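User: I'm new to reading protein models and would like to go through one by asking questions. Could you answer them step by step?

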Amino acid sequence: MTGIRLSVPETAARGEVVEIKALLRHPMESGFRRGSRGEVIPRDIITRFECDLDGTLVFASDFHPAIAANPLITFHMRATESGVLTFRWTDQNGEVWSDTASIAVT
Amino acid sequence: MRDKALFNATRRQILTAGGGAVLISSLPLSAFADEADLLRARTDLFGDRPIQEERVTVKLPPIAENGHSVPLSVSVDSPMTDDDYVKQIAILSPRNTLPLIGQFHLTPFSGKAQVSTRIRMSGTQAIQAVAEMSDGSLWAGSTETVVTLAACVVL
């Protein structure tokens with residue numbers, strides 16, 4: 001799906017700690033802003049981000065309105081097994097964006 | 001002459017009224033959040049458990065020109081093994097409308113307790129990070145950043 005950018009190393013040595021970056025294009029509308037006619041722009045934010053390796057949760061985050069637009073998150077993972085990383089973003093209405101990346105552990 | 005005086009008075013009244021309106025509209029902004037809100041949000045998350053000011057490092061630029069997007073990096077001094085790891089890191093603000101900025105949930109698979117993202121800041125303030133370890137102990141650290149253009153209109 002477009003709007004998602006991932007940075008995951010293709011290979012890693014067993015036991016190595018790798019850096020993972022994930023970005024989703026999203027306005028993260030805080031719900032505190034007003035439009036040109038003074039009306040409050042309704043809140044529209046991503047509330048949850050999850051990353052799992054073949055079903056095992058590696059990292060998760062709860063977002064609130066003070067996370068900037070196009071949320072970029074950088075975290076780490078200890079490479080133990082080769083597998084597929086699934087990245088999942090859920091917004092306040094339950095809409096889900098997701099993408100995968102595979103990592104080979106040698 | 002008299003007309004001019006009248007006009008001046010009217011203009012002064014208009015200006016005073018306008019100034020008053022500005023003052024009133026800015027009141028909720030100046031009164032919207034303080035340290036007590038941060039403490040309340042912290043109590044909501046972690047209760048009254050003791051928090052030690054150690055082991056948590058918050059990295060922010062010393063001066064942020066734009067409060068709409070400020071790079072934040074948090075790291076916690078932890079071995080990140082199966083039985084001793086960081087469970088959660090909460091980012092708190094004493095000045096934003098909502099004191100809770102975000103929560104990061106880590107696992108033993110995280111390998112390294114370091115997370116970065118970009119946050120909104122409504123003015124100069126000290127951002128605090130509270131880390132909850134797998135044994136339940138709480139640790140905190142904070143860093144102050146000067147924000148030139150606040151995101152207060154946004155947040």
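Below are some questions and answers about this predicted model.

User: Before we start, what ground rules apply here?

Analyst: This is a predicted model, so local features need pLDDT of at least 70 and side-chain atom pairs count only at pLDDT 80 or more, while totals for chains, interfaces and linings use all residues. Residues are numbered from 1 along each chain as its sequence is written, chains are lettered from A and ligands numbered from 1 in the order in which they are written, and side-chain values use heavy atoms, with hydrogens and water left out.

User: How many residues of chain A are in contact with chain B?

Analyst: Contact here means heavy atoms within 4.5 Å. On the chain B side, 30 residues take part. On the chain A side, the number is 31.

User: How many salt bridges does the rule find across the interface of chain A and chain B?

Analyst: A salt bridge needs a side-chain nitrogen of Lys or Arg within 4 Å of a carboxyl oxygen of Asp or Glu. The interface does have 20 residue pairs in polar contact, both residues at pLDDT 80 or more. (A polar contact is a pair of N or O atoms within 3.5 Å; within protein, one must be able to donate a hydrogen and the other to accept it, and residues adjacent in sequence count only if both atoms are side-chain atoms.) For salt bridges across this interface, though, the count is 0.

User: Which strand gives the largest share of the side of chain A that touches chain B?

Analyst: Strands (E, at least two residues) and helices (H or I, at least four) are DSSP runs, numbered from the N terminus. Strand 3 (17-24), strand 5 (56-63) and strand 6 (72-78) of chain A each supply at least two residues of that side. The largest share, 8 residues, comes from strand 5 of chain A.

User: What is the bridge partner of Ala60(A) in strand 6 of chain B?

Analyst: Two strands pair if DSSP finds at least two bridges between them. Strand 5 of chain A and strand 6 (residues 100-106) of chain B pair in the antiparallel sense over 5 bridges. In that strand of chain B, the partner of Ala60(A) is His105(B).

User: Over how many bridges do strand 8 and strand 9 of chain B pair?

Analyst: Strand 9 (residues 138-149) of chain B pairs in the parallel sense with strand 1 (residues 51-52) of chain B over 2 bridges. With strand 3 (residues 63-66) of chain B, strand 9 of chain B is again parallel, over 3 bridges. Strand 8 (residues 125-133) and strand 9 of chain B are antiparallel, and the bridges number 8.

User: Is Asp52(A) buried or exposed?

Analyst: Buried means under 20% relative accessible area, exposed over 50%, and partly exposed in between (1.4 Å probe, protein chains only). Asp52(A) meets Arg88(A) in a salt bridge (3.1 Å, N to O). Asp52(A) lies in strand 4 of chain A and Arg88(A) in strand 7 of chain A, so the pair ties together parts 36 residues apart in sequence. With a relative accessible area of 10%, Asp52(A) is buried.

User: What other residue meets Arg88(A) in a salt bridge, at 2.9 Å?

Analyst: Arg88(A) itself is partly exposed, at 25% relative accessible area. The other partner sits in strand 4 of chain A, 38 residues away from Arg88(A), and is partly exposed at 22%. That residue is Glu50(A).

User: How far apart along helix 2 of chain B are Asp37(B) and Arg40(B)?

Analyst: These two form a salt bridge, with the closest N and O atoms 2.9 Å apart. Asp37(B) counts as buried at 18% relative accessibility, whereas Arg40(B) counts as partly exposed at 48%. In helix 2 (residues 35-46) they are separated by about one helical turn, because they are 3 residues apart.
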